[in-house]
Structures are given as structure tokens and as C-alpha cells.
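Please examine the sequence and the model before reading each solution.

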Amino acid sequence: MFTIAMIGQKGGGGKTTTGTGLSAVEAVRADLAALVIDLDPQANAANWKDRREADNPAVVAAPASRLRPTLEAARQHGAQFVVIDTPAKSDSAALDAARVADLVLIPVWPQIYHLETLPAMKDLLRIAGDVPAYVVLNALPPQATRQADEAKSMIAEIYGLPACPVHLCDRTIYADAPALGKGPQEVDPYGKAADELARLYTFVIQHSKGIPHG
Ligand SMILES: Nc1ncnc2c1ncn2[C@@H]1O[C@H](COP(=O)(O)OP(=O)(O)O)[C@@H](O)[C@H]1O
Ligand SMILES: [Mg+2]
């Protein structure tokens with residue numbers, strides 16, 4: 001079982017969008033039994049699942065205090081790809097999730113109010129045992145290739161955190177698809193968001209051991 005924690009101090013960075021998009025589309029497309037564990041009391045991922053027709057991924061809402069037993073139940077039920085979605089402004093839930101994860105993703109917008117939260121994320125990751133972690137730049141202007149490269153270098157140089165080589169651009173389909181309980185790739189399988197999420201999945205799955213790359 002491969003477990004990814006989506007964490008970040010700021011609301012709106014894209015934890016739920018990236019987490020459901022990764023699991024809903026790509027892991028399921030790769031024929032994996034996927035699960036989202038929604039630790040956020042706002043329950044965006046669980047509500048997304050209520051609007052969704054497809055069975056996979058399963059989504060369970062749980063308090064952070066129930067994370068370990070929930071993961072154990074997932075393992076026993078044969079879950080292969082697990083995304084833990086966490087609330088903003090909750091270091092304890094983020095820490096709980098990072099501690100049990102194989103990989104941590106920190107989606108942020110390329111803006112100072114988001115970037116200046118990264119030192120606290122770095123401290124949190126150290127406490128969690130320095131689990132592999134990447135900052136995922138989200139909502140970049142689609143044409144801003146140079147800005148993306150600069151932001152990735154800055155994250156590595158100034159904040160000392162690895163930046164995921166794949167970033168996501170600002171596209172309305174990321175905001176529209178969840179209203180239908182879908183991932184962007186299910187709405188437009190050949191669109192640019194689908195391509196971004198497929199590349200992000202390919203990057204992410206490299207950190208798993210023994211899970212098919214799809
Ligand atoms: N790449 C993107 N392009 C356009 N809208 C986005 C993108 N990523 C996220 N959003 C929108 O931004 C808002 C916050 O994203 P969300 O995933 O809920 O963040 P978080 O879970 O970190 O609070 C949502 O309304 C979502 O639809
Ligand atoms: Mg969220």
C-alpha cells in the first residue's frame with residue numbers, strides 16, 4: 001500500500017484538488033484500489049465522493065485521531081493507493097498524516113503568502129522523520145514556463161525543500177470537475193489538466209515500491 005499525505009498550512013493551496021485528482025483519475029485508471037482518507041472537518045473530499053457515481057476511489061472521512069486504525073482497515077481491505085487529505089491550519093493533523101505517509105505533497109500557489117509557510121512545513125517534516133516530500137506548485141498561469149522554473153529553483157534554494165518537477169496550471173476545469181464528483185481528466189481526458197495530472201502521477205508513483213506504474 002502506497003500512502004501520500006497532502007499537507008499545507010494555507011487553505012486553498014490545492015490539497016483536495018490535487019489529492020482527489022491524483023487518486024480519482026490516475027490511480028484508478030492504473031487499475032489500483034484507491035482510497036482517500038479525508039481528515040478535514042470541511043469534508044470537501046467526502047462531499048466530492050457523494051456527488052460521484054464511480055465506486056473507486058473509496059473516500060472515508062475520519063478524525064485525525066482515527067488515522068492509524070483507518071489505514072490498517074484500508075490495508076486489510078486491499079487498498080493499494082491511499083491519499084490522506086488534511087485541513088489547513090492544523091499542524092497536528094498534518095503531522096499525523098506525514099508520519100504515516102510514504103510521500104508528502106505540499107501544494108502551494110507561487111505567491112509569497114503561500115511560500116512563506118514553507119519553513120514551518122520543513123520543521124513539521126523534520127519532526128515527522130524527514131519523509132520524502134515535494135512542494136507542488138499549483139495554479140500557475142499556463143504560459144508562465146519561466147516563472148515556474150524560477151519558482152521551483154527558489155523553493156529549493158531559499159526554503160530548502162524539493163520542488164516537484166511537475167506543476168499544475170490555473171485552469172477552470174480543476175474547479176469545475178469537482179462539482180460533478182469527477183477529476184478533470186474524466187471531464188476532458190485529452191485536456192491539459194489531464195496531461196498535468198498524468199505527469200504528476202507518473203512522478204509520484206516512482207516513489208512507491210512494487211505498485212504498477214499504470
Ligand atoms: N490548478 C487550479 N486551477 C484552478 N482552480 C484551482 C486549481 N487548484 C485548485 N483550484 C481551486 O482552488 C480552490 C482551493 O483548492 P482546494 O483543492 O480546495 O485547496 P485546499 O484543499 O488546499 O484547501 C478550489 O475552489 C479549487 O477548485
Ligand atoms: Mg481541502
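**Exercise 1.** Which residues of β6 are buried on one side, and which on the other?

*Solution.* This is a predicted model, in which local features need pLDDT of at least 70, side-chain atom pairs count only at pLDDT 80 or more, and totals for chains, interfaces and linings use all residues. Residues are numbered from 1 along each chain as its sequence is written, while chains are lettered from A and ligands numbered from 1 in the order in which they are written.

Step 1. A residue is buried if 20 or more other C-beta atoms, placed from the backbone, lie within 10 Å of its own. Strands are DSSP runs (E, at least two residues) and helices likewise (H or I, at least four), numbered from the N terminus.

Step 2. On one side of β6, Ala133, Val135 and Leu137 are buried; on the other, Tyr134 and Val136 are.

Step 3. Five of the five residues of β6 (residues 133–137) are buried, so the strand is largely enclosed by the rest of the structure.

**Exercise 2.** State where β6 lies in its sheet.

*Solution.* Step 1. The open sheet has six strands in the order β3-β2-β4-β1-β5-β6, with parallel pairing; two strands pair if DSSP finds at least two bridges between them.

Step 1. β6 is an edge strand, as is β3 (58–61), and each pairs on one side only.

Step 2. The pairing of β6 with β5 (residues 103–108) is parallel and comprises five bridges. Within it, valine 136 of β6 is the bridge partner of proline 107.

Conventions:
A residue is buried if 20 or more other C-beta atoms lie within 10 Å of its own, exposed if 12 or fewer, and partly exposed in between; C-beta atoms are placed from the backbone.
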